[in-house]
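Biologist: I have the sequence and the structure open side by side. Can you walk me through a few places in the fold?

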Amino acid sequence: MSYNNNDTKKSLRKKILFSSIIVLLLLAVVMGTVSVYVVDKLSDSNSRKMMTQLCEIESYKFNNKLNLVKHSVDIINEYANDLQYTSGITDICSDEFEQHIRDFSIAVANQTKGALAVYLRYSPDFTGSGTDGFFWTRESDSEKFRETQVTDILAYNASDIRHVGWYYVPKESGKPLWMNPYYNDVIDLLIISYVIPMYLDSGEFIGVLGMDIDFAAVVSETNDMDIYSSGSVEFVDLKERISYSASNSGVIESSRLSNALYNHITTINKLNELLEIKNSNDTISVICCEKLSNGMMLYVNVPKSQIDRDRNFLVIISIVITILIFIISIFFIRRRTMHIVHPLEKLTEITKQYANGDWSAQYISDTDDEIENLSESISQMARNTQDYIERLNTLARTDTMTGIGNKTSYLELIENIQKNKHGKFDKYAIVVMDLNLLKKTNDTYGHECGDILLKEASKYICNVFASSPVYRTGGDEFVAVLYSNDYHKRNELLQKFESGMNYPVDGIPEIVLSIAFGMAEHTDENQDYESVFELADERMYKKKTEMKMLRQN
């Protein structure tokens, strides 16, 4: 009996080939599934974060414009208030007073980007006329302001927002505010205004001071934003339930918000996250929004298909690569598997570190394909997030009033002094300072003047101890830690500090800069920080008592 060895060999070859194909197929399925899952999760997260960051960036840019206008109007208002006390002008409706305010207002408006109009209008109840005051405007493409005929307040009803809303709304509110967007017939533009109501010391309302910016131009700028290929940006007034957007031709369109969209935006505002909504045509959109400093919302709407496009592309590429590996040869299975899986595993490890709060880890794949693009995007996202966290940490360690270190950063310095790893603090001195007359300033002239006094004190302390860290540790308490060159010059610096104060503070009548201080050095007797601080604090209180007695005499 004979056997066909060739048939037997072919059968074994088929079995081996079939077994190899099964193993490769299972491996390809597993690898493809893992690849699709990782790419799907990472791409979706990255795309959403990019959309959120885009919304935050655009709202930040718009808020900067608003804050510039608000700051300018605040400066003019402060100037008007100071003028009543420093100029000797008793009649605030006089031509002299009005000319001072007008010249100063135009100068400030010329330095305010986007300002189209600046005005001061007196109350008809105060002057008896509806046309007292001034109104200066400029064209959007012009650099010079020109005098424009004022609107007669008495000629219109208080409900006529287009003509006199800028007067009656802040008057009724009784506080500075941003006007909702409205069409101003005088300058023929869609504008928003920041207006401050003005009062006498007696509390009598005397008029309003304000500045206008071209809201239509701001809305038109959204056409330059890269919101995927079919995303849209709108400015939403939740109070009036109106949205504003710019067409491709630059025409500003306004529309009423539907109840559903109003509820969606309100929900996002409360949850501070993205939201997916189903449209009437059964498509899904992803929306996000940011609250603006004038009370409006920046609303971004992007079809989910656009957000998913890059993710779907990467998923398809992963599947195609897996199929190609399967078709080409089982002999390249290890190489090809490692080529695909290793970068994804590395990215997964990196994302786990990100999830655990370690944003310093970086990995850029060298595969020269979409995975490399993905790793670059993820690494860039991590760098952006780390920068953002560092900015937040900086803000958390900075005193918002004075711009110097706060109590948190001060405690960190104490910890570094106690550790003294590199011998940096082998010799140091502590200067404890306490600002005098702050309570008197707050009680007599108000907390705004108290803030001015605090800022002046901080500026003076930093100028004297320019090479040393300075902190505000309490309401009127400051600490400077002198080391290195400043430590060796400590007595000279302290003499300079004491002799340079006691000068009048600008804007605060009868108040001079007076700071009690005490200094103590790190010595063999006072080795720990607490002992040095207590000695400096004791000397400061002694100095404060002496200064108080001198003021009373």
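Modeller: One term before we start. Helices and strands here are DSSP runs, numbered from the N terminus; a helix has at least four residues and a strand at least two. Note too that this is a predicted model.

Biologist: Where is Thr 222 found?
Modeller: Take the elements on either side. They are α5, residues 215-220, and β8. Thr 222 is found in the loop between α5 and β8.

Biologist: Is Thr 222 buried or exposed?
Modeller: Buried means under 20% relative accessible area. Thr 222 has a relative accessible area of 9%. Leaving aside neighbours within four places in sequence, Thr 222 is in contact with Val 233, Phe 235 and Ala 246. So Thr 222 is buried.

Biologist: How far apart in space are Thr 222 and Glu 58?
Modeller: In sequence, Thr 222 and Glu 58 are 164 residues apart. In space, C-alpha to C-alpha, the distance is 8.7 Å.

Biologist: How many residues of strand β9 are buried?
Modeller: In a regular strand, side chains alternate between the two faces of the sheet. On one side of β9 are Ile 242, Tyr 244 and Ala 246; on the other are Ser 243 and Ser 245; all are buried. Strand β9 is therefore largely enclosed by the rest of the structure, and its buried count is 5 of the 5 residues.

Biologist: Which residue in β10 stands opposite Ser 245?
Modeller: β9 pairs with β10, residues 252-256, in the antiparallel sense. The pairing runs over 5 bridges. Opposite Ser 245 stands Glu 253.

Biologist: Which strands stand at the edges of the open sheet of 4 strands?
Modeller: The order is β15-β16-β14-β17, with antiparallel pairing. Each edge strand has a single partner strand, so one side of each is left without a neighbour in the sheet. The edge strands are β15 and β17.

Biologist: Which helix packs on that sheet?
Modeller: Within the sheet, 7 bridges join β14 to β17, and Met 433 stands opposite Phe 517. The helix touches β14, β16 and β17. Its direction makes about 175° with that of β17. The helix is α14.

Biologist: What is the relative accessibility of Ile 511?
Modeller: Ile 511 has its place in the loop between α14 and β17. Beyond four places in sequence, its contacts include Tyr 445, Leu 453 and Tyr 503. Ile 511 counts as buried because its relative accessibility is 2%.

Biologist: Which side chain makes a polar contact of 2.7 Å with that of Asp 399?
Modeller: Asp 399 lies in the loop between α9 and α10. Asp 399 is buried, with a relative accessible area of 11%. Not counting residues up to four places away in sequence, Asp 399 touches Ile 404, Gly 405, Asn 406 and Arg 472. The side chain in the 2.7 Å polar contact belongs to Thr 402.

Conventions
Residues numbered from 1 in each chain as written. Predicted model: local features only at pLDDT ≥ 70, side-chain atom pairs only at ≥ 80, totals over all residues. Heavy atoms only, no water. Buried < 20%, exposed > 50% of the residue type's maximum accessible area, 1.4 Å probe, protein only. Pairing = 2+ DSSP bridges. Contact = heavy atoms within 4.5 Å. Axes fitted to C-alpha atoms, helices over the stretch in contact; angles between N-to-C directions. Polar contact = N/O pair within 3.5 Å; in protein donor to acceptor, adjacent residues only side chain to side chain.
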